[in-house]
Amino acid sequence: MKTLHENPADQLSTIVIRLFQLAGDTRITPKSKRDRIFISAHKLHGYSMVLAQKQFTENSKAYKEAMDNIKKINGGLKKAKADIQKIVKTIENLGTLVSAVEKLVIAVGGAIA
Amino acid sequence: MKKQGQVISKRQVVRGVLWVLLPIVWLSLIVGCSTPAAYRVPISRFNSAVNETIATVQPYFLELNKVETEYQLYSAIKLNEDWGTQHLQAGLDPQQIALRVAALQLIADHARLLADIVDSSPIEDVKKAAEALGANAHSLATTIAKLDNAATTVPDFGTPLAQITALLGKQYIEHMQTKAIETAVLNAEEPLSSLIDMLEQELQTVVNLRKEAIAGIATVRLDIFNEIQKNTKPEKIDELVQEVVGLRTRAEKIASVNVVALFRDLKASHKALVRFVKSDKKPTDLSSFVATVSVFADNAAAVSTIIQSLQKL
């Protein structure tokens, strides 16, 4: 894995931040020198943004593929949760069935008697 | 051959009961090896930490363009430019950002659904339904006995029936919970790792861009403060100094928040979860999983506290 100092984008970022800090350091004179540093930092920040946009665009297809897979897995989890709830319903239905059979037995028994 | 009216022996009754118990015992052995209880606490903590992390990380993606626009407007002042629409359109493509935010949401949903499976166990509902079944079955048997004039009282078999049904229902539910969790975790191993890897890299990029913009804004604001200072009455200087000090305090707090490290914790916790599912689930496997998730949960809570304090500054 690349560390902060091995990644060129991270290195560029460190330089941009340092340049912005220098552009605000009033010990650097004349002021025009600080203004030039600010312009350099501003340009480099623009390059950072371009690199980021490229990284985002290139990753998009892989994102869509991975997200589609996880959506399916999440769907499976939702279904499993619903199936678990169905077990309670099944036992409740069995109880109702037994009760209905009892009523039927009473009715048939009464009719025969 | 059994003759009509022959009395059933105790041995036959015992054999009949054993025949009924045999499939029950067999079914218990099949589903009884489930271990959802082992998942309950670590998955709940994993879910809380993931959701806290996502809530912390999302604004870094969502607010990147806002911070960038602020920077562009401040830099225009420094560069003596008029503000224009180009400054309002700065930053990354909003659709690309929306895709990352949706990916983060999907990870949060996945963790929540795993927790839902282990947390929302309808064991009490199964017990109630089983008790009702037992009572109804006993009542039916009593009714049949009365009709048959054989006996007016029937031994209470409703209670053991309710207990057996509740036990089997509980074990079957735990079996289904374990199966659902393990299937989901194993199937999600590769796509979730891939998403987390990409998001971690891009989060680093977004954090860098944000830090650059904030550094640029601070420089221009110092220039503006210098202009204000020249025209500030002496009694108002202290207020101005406090405002400038506020710039530093905020910058230091922002620097202390390592959201990328939080995402690395998320990655480690996800790997620990997959490792635990694949393991023999010995106590050492569980303690290793719990330890990783605990570090993640503690760090997520700490970062969340810093982020909240930043909003108050």
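Author: Start with the length of α8(B): at 1.5 Å a residue, its 20 residues should span 28 Å, and the end C-alpha atoms are 29 Å apart, which agrees. The expected span here is 1.5 Å times one less than the number of residues in the helix. Helices are DSSP runs of H or I with at least four residues, strands are runs of E with at least two, and both are numbered from the N terminus. Please keep in mind that this is a predicted model, in which local features need pLDDT of at least 70 and side-chain atom pairs count only at pLDDT 80 or more, while totals for chains, interfaces and linings use all residues. Residues are numbered from 1 along each chain as its sequence is written, and chains are lettered from A and ligands numbered from 1 in the order in which they are written.

How well covered is α8(B)? Hardly: among its 20 residues, the count of buried ones is zero. A residue is buried if 20 or more other C-beta atoms lie within 10 Å of its own, exposed if 12 or fewer do, and partly exposed in between, with C-beta atoms placed from the backbone.

Helix α8 of chain B covers residues 237-256, and it packs with helix α7 (residues 158-230) of chain B at an angle of about 170°, with the axes 11 Å apart. The axes are lines fitted to C-alpha atoms, for helices over the stretch in contact, and angles run from 0 to 180 degrees between N-to-C directions. α7(B) and α8(B) are therefore roughly antiparallel to each other; angles over 145 degrees count that way.

Now to the residues that meet. From α7(B) come Ile214(B), Ala218(B), Arg221(B), Phe225(B), Ile228(B) and Gln229(B), and from α8(B) come Leu240(B), Val244(B), Leu247(B), Ala251(B) and Ile254(B). Contact means that the C-beta atoms of two residues, placed from the backbone, lie within 7 Å. An α-helix has 3.6 residues a turn, so residues three or four places apart point the same way. By class, this contact of α7(B) with α8(B) has nine nonpolar, one polar and one charged residues. Ala, Val, Leu, Ile, Met, Phe, Trp, Tyr, Cys and Pro count as nonpolar, Asp, Glu, Lys and Arg as charged, and the others, Gly among them, as polar.

Further along chain B, Lys281(B) sits in the loop between α9 (259-278) and α10 (283-312). Its phi is near 60°, a positive value in a residue other than glycine. Lys281(B) is partly exposed, with 16 other C-beta atoms within 10 Å.

Technical notes: Parallel < 35°, antiparallel > 145°, perpendicular 65-115°, else oblique.
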